[in-house]
Amino acid sequence: MLSVNTEVPTLAWVPDDLGPGFLAQKIDLGEDRDGPISMTLVRHDPSTDPHANWPDRLLPNNIVPGGALSDGSYVLLPEGASPQIEEELAHQASWSTTHPEAASSAFETTPGKESALGNDVENLATVLPEGAEIHLDLDRPARVQDAPAQPSSPSFAVLYVHGWNDYFYQTHLARVMSALGAAFYAVDLRRYGRSSRGANNEPYGFVRNLNDYGLEFSSALDIINAEHPGLPVIMMGHSTGGLSTALWAAKNPERLACLLLISPWLRSQPGHYFFKKPRFTRAVLRAGTRVAPTKSLPMASLNLYSRSISGWHEDADGPLPAYLRPFTGDPAVRGWWANPAWKILPTAPYRFGWLHAIVSGHLEIMDGLQAAVPTLVLSGALPSNSEGGPGEDCGATAKRLATWPHNVPKDPGIPLVWDPQMRHFDMVLATHYMHEAARDMGPLMETRCLSGVHDLTLSQPHERAELWRAISEWLHKTLPQS
């Protein structure tokens with residue numbers, strides 16, 4: 001029995017687990033074929049965010065309302081501007097219970113108080129574009145209300161959609177987008193994150209058709225439009241969230257100004273034996289879905305992506321590179337933290353019905369679905385050299401990665417060997433195929449390769465700065481300027 005709640009709720013925003021500056025509302029959506037469903041909308045409120053004026057530790061110079069072209073300069077903020085400092089994590093109950101000592105003593109974020117290495121920009125310059133200038137802004141106030149230059153009202157709105165086995169926790173992304181002039185929102189989809197009833201009560205992240213997420217997208221945009229009437233809206237999607245938003249945006253262009261996709265899974269990867277013939281694969285998955293839609297598939301995980309965002313470990317990675325020494329408090333060095341109930345490691349189960357939905361989405365694109373709004377596709381496919389700088393070109397790297405499954409030793413007891421270079425490109429998806437699929441969707445699709453991991457927002461500081469620069473330049477070019 002399918003029962004869908006189509007009413008736009010009157011929201012009562014409540015404090016979110018992410019801490020001050022983040023509000024949330026869980027919204028009942030009725031039921032689908034597999035049980036009750038809900039979505040959770042998270043909103044960033046810069047006026048109550050104690051770190052809103054510290055979007056990230058290293059920023060390009062073009063993080064200004066509406067975006068701008070970059071002149072190649074960067075600014076280094078105080079250590080407290082790093083994402084996921086202990087003061088911020090301590091607000092999250094699931095973190096505090098496992099880190100009682102750290103949670104009781106907040107990270108000190110006094111402007112200008114730096115470690116001896118905090119100002120060492122000489123090594124950092126080696127991994128930024130040639131000729132980059134780095135300026136220190138160690139006395140910048142953390143709060144928006146202490147920085148009069150900040151915009152008082154947004155000029156556009158953003159709805160961020162997470163990927164598989166994920167939820168929204170990237171506070172630095174929200175702060176950067178707010179600094180660019182956005183009213184920032186993020187959604188936890190049905191059976192994910194804040195919207196989950198627990199892995200023991202429902203199949204985590206399960207959906208039978210990606211088009212079903214149109215209910216979440218429409219409901220979220222109704223709320224955003226009501227709170228910010230007349231503002232242009234951008235959807236951002238990561239990985240499977242990028243696939244879902246690309247499908248929906250192509251069919252609902254009137255609701256969006258443009259689309260920003262981060263490492264979207266737009267195509268079945270021919271490099272993997274299971275996806276070589278996607279139509280045959282879909283037929284197999286359809287048969288399995290009819291019998292046991294939520295049955296888990298036996299798919300191995302090498303856990304390398306999780307390893308790439310777990311921080312720097314000198315026993316396996318060697319000495320910390322010189323360019324990272326100013327960032328010992330950054331999660332790229334300490335390790336990114338996510339709620340283990342909402343981001344299951346090494347991975348959540350892959351199920352017949354869910355994978356059938358993914359392959360069906362890929363085939364929609366293969367069958368000629370065209371983008372109907374300007375879209376930027378950003379992917380990590382530019383590995384760094386030994387000093388973290390630019391290396392191979394995007395296409396050659398992506399093609400090489402696409403063959404990796406065939407290079408894994410046949411002995412299942414021997415894993416693919418970890419290499420620190422895996423922090424600088426997408427080891428989850430073969431970017432060559434993703435960008436090929438994007439270009440097949442028509443002239444409104446623009447693709448770009450950056451150095452960084454599958455979720456580019458979780459890359460190293462200099463790579464995140466390049467991500468922010470690319471987004472700002474694209475916004476400046478794409479959004480109507482007042």
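Buried residues make up 59% of the 482 residues in the protein chain. The model you are looking at is a predicted one.

**A covered strand**

Let's begin with strand E8, which spans residues 156–161. How many of its six residues are buried? The count is six of six, so E8 is mostly covered, given that buried means under 20% relative accessible area. Its side chains can be sorted by the way they point. Phe156, Val158 and Tyr160 face one way, while Ala157, Leu159 and Val161 face the other, and all are buried.

Strands of a sheet pair through backbone hydrogen bonds, either parallel or antiparallel. E8 runs parallel to strand E9 (residues 182–188), and it also pairs in the parallel sense with strand E10 (residues 233–238). To follow the pairing in the 3D view, find Val161, which stands opposite Val187 in E9. Then look for Tyr160, whose opposite residue in E10 is Met236. Helix H5 (residues 171–179) belongs to this picture too: together, E8, H5 and E9 make a right-handed β-α-β unit.

| Strand pair | Sense | Bridges |
|---|---|---|
| E8 and E9 | parallel | six bridges |
| E8 and E10 | parallel | five bridges |
| E6 and E7 | parallel | four bridges |

**A sheet of three strands**

Strands E5, E6 and E7 form an open sheet in the order E5-E6-E7, and the pairing is mixed. Which strands stand at the edges? They are E5 (58–60) and E7 (133–136); each has a single partner strand, so one side of each is left without a neighbour in the sheet. From one strand to the next, the twist averages 30 degrees. Helix H16 (residues 461–478) packs on this sheet and touches E5 and E6. The direction of H16 makes about 30 degrees with that of E5.

Strand E6 covers residues 73–76 and pairs with E7 in the parallel sense. A handy landmark here is Val75, which stands opposite His135 in E7.

Now turn to helix H6 (residues 214–227) and helix H7 (residues 240–251), whose axes are 10 Å apart. They pack at an angle of about 70 degrees, which makes H6 roughly perpendicular to H7. Which residues meet where H6 and H7 touch? From H6 come Gly214, Phe217, Ser218 and Leu221, and from H7 come Ser244, Thr245 and Trp248. Sorted by kind, the residues of this contact are three nonpolar and four polar, with no charged ones.

Our last stop is Met441, in the loop between helix H15 (431–440) and strand E13 (445–450). Is Met441 buried or exposed? Its relative accessibility is 1%, and therefore Met441 counts as buried. Leaving aside residues up to four places away in sequence, Met441 touches Ala246, Ile365, Leu369, Gln370 and Ala371. Take Ala246 as an example of a contact that reaches across the sequence. Met441 and Ala246 lie 195 residues apart in sequence, and their C-alpha atoms are 9.7 Å apart in space.

Notes
Residues numbered from 1 in each chain as written. Predicted model: local features only at pLDDT ≥ 70, side-chain atom pairs only at ≥ 80, totals over all residues. Heavy atoms only, no water. Axes fitted to C-alpha atoms, helices over the stretch in contact; angles between N-to-C directions. Helix = DSSP H or I, 4+ residues; strand = E, 2+ residues; numbered from the N terminus. Parallel < 35°, antiparallel > 145°, perpendicular 65-115°, else oblique. Contact = heavy atoms within 4.5 Å. Nonpolar A, V, L, I, M, F, W, Y, C, P; charged D, E, K, R; others polar. Buried < 20%, exposed > 50% of the residue type's maximum accessible area, 1.4 Å probe, protein only. Pairing = 2+ DSSP bridges. Right-handed = clockwise from strand over helix to strand, strands pointing away.
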